[in-house]
Amino acid sequence: MAHRYPDFINISHDDLRELVDKLHFGQKVERAKRLLAWAFNEYGDNAVVANSLGKDSMVVWDLAVKVNPNAKGFIVTTAYKPAETIVFMNEIAAEYPNLSIYRSDKDVGDLYRSNPDQCCQVLKVEPVRRAVEELDVECWITGLRCTEGRTRTDFREIEERDKGLIKLNPVLLFTEREVWQYLALNKVKINPLYALGYRSLGCAPCTAIAGGDNERAGRWLNTSKCGGECGIHTQPLKKLGVLSDEATPVGH
Ligand code: SF4
């Protein structure tokens, strides 16, 4: 089925970057809601939110259930998540039965030390692939933001990196401050680890408190993967998927 993309996303990458500064908070929230409404209208139950339980995902989840109270989502967890994250996950999952939890039970030992890319592949990417297949996802909705670290600058609000799987990034233009602004104004629950100083959360052995400009600097600290990605945004997620070298922005 051919999908019609909203006209307002049909802009260049440079214009998109400009919009980060040009649009005010209220306009970004409205834009995110329009993107979500478009996705639920076009893909129905096949539009599914990937909820990492991080601050950006909690914004997206809150917006998604406001736009569509029946929104579905999935959480991927691992045996290495901090205890606080597990408690938070159970609380959120109890509140929203439409959130399914995925996890790999493979024992990877200390692979996170010797080969963190492989560890993330087994514990994160594979369960996301399973979620995409089992939930029959045609459009997955993420909390990606283009100002969140070195690896996140070239994404689009709607893209098709993985052939046959649309990706919607409704808060792509939000800054870190605007994420906190949204969470505070809407009284959205957050992982208590943020109160300790963490700015980006992952598995316990690979997450540290770090200052500086790079919000993701505390991820995989002191490894070549520092500030990088677990792979769910860079690996093909469809079983027989083909990953483009670059994002294929839709509407272009
Ligand atoms: S974040 Fe660390 S422990 Fe978690 S899957 Fe990746 S390498 Fe493994």
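## Exercises on a predicted model

Met-58 is found in helix α3; helices (H or I, at least four residues) and strands (E, at least two) are DSSP runs, numbered from the N terminus. The model is predicted: local features need pLDDT of at least 70, side-chain atom pairs count only at pLDDT 80 or more, and totals for chains, interfaces and linings use all residues. Residues are numbered from 1 along each chain as its sequence is written.

### Exercise 1. Two residues and their surroundings

Determine whether Met-58 is buried or exposed, and which residues it touches.

Step 1. A residue is buried if 20 or more other C-beta atoms lie within 10 Å of its own, exposed if 12 or fewer, and partly exposed in between, with C-beta atoms placed from the backbone.
Step 2. Met-58 has 23 C-beta neighbours inside 10 Å and therefore counts as buried.
Step 3. Leaving aside residues up to four places away in sequence, Met-58 touches Leu-53, Leu-183, Val-188 and Ile-190. Contact here requires that the C-beta atoms of two residues, placed from the backbone, lie within 7 Å.
Step 4. The C-alpha atoms of Met-58 and Asn-191 are separated by 9.4 Å, although these residues are 133 apart along the chain.

Step 1. Tyr-194 lies in the segment after α7 (176-185).

### Exercise 2. The packing of α2 and α3

Describe how helices α2 and α3 pack, and which residues make the contact.

Step 1. Two packed helices are described by the angle between their axes and the distance between the axes.
Step 2. Helix α2 (residues 25-43) and helix α3 (residues 55-67) pack at an angle of about 60°, their axes being 9 Å apart. Axes are lines fitted to C-alpha atoms, for helices over the stretch in contact, and angles run from 0 to 180 degrees between N-to-C directions.
Step 3. This makes α2 oblique to α3; angles under 35 degrees count as roughly parallel, over 145 as roughly antiparallel, 65 to 115 as roughly perpendicular and the rest as oblique.
Step 4. From α2 the contact draws on Ala-32, Lys-33, Leu-36, Ala-37 and Phe-40, and from α3 on Leu-63, Ala-64 and Val-67.
Step 5. These residues divide into seven nonpolar, no polar and one charged. Ala, Val, Leu, Ile, Met, Phe, Trp, Tyr, Cys and Pro count as nonpolar, Asp, Glu, Lys and Arg as charged, and the others, Gly among them, as polar.

### Exercise 3. The sheet and strand β2

State the order of the strands, and locate the edges.

Step 1. The open sheet has six strands in the order β3-β2-β1-β4-β6-β5, with mixed pairing; two strands pair if DSSP finds at least two bridges between them.
Step 2. β3 (99-103) and β5 (158-162) are the edge strands, each pairing on one side only.
Step 3. From one strand to the next, the twist averages 30°.

Step 4. Six of the six residues of β2 are buried, so β2 is largely enclosed by the rest of the structure.
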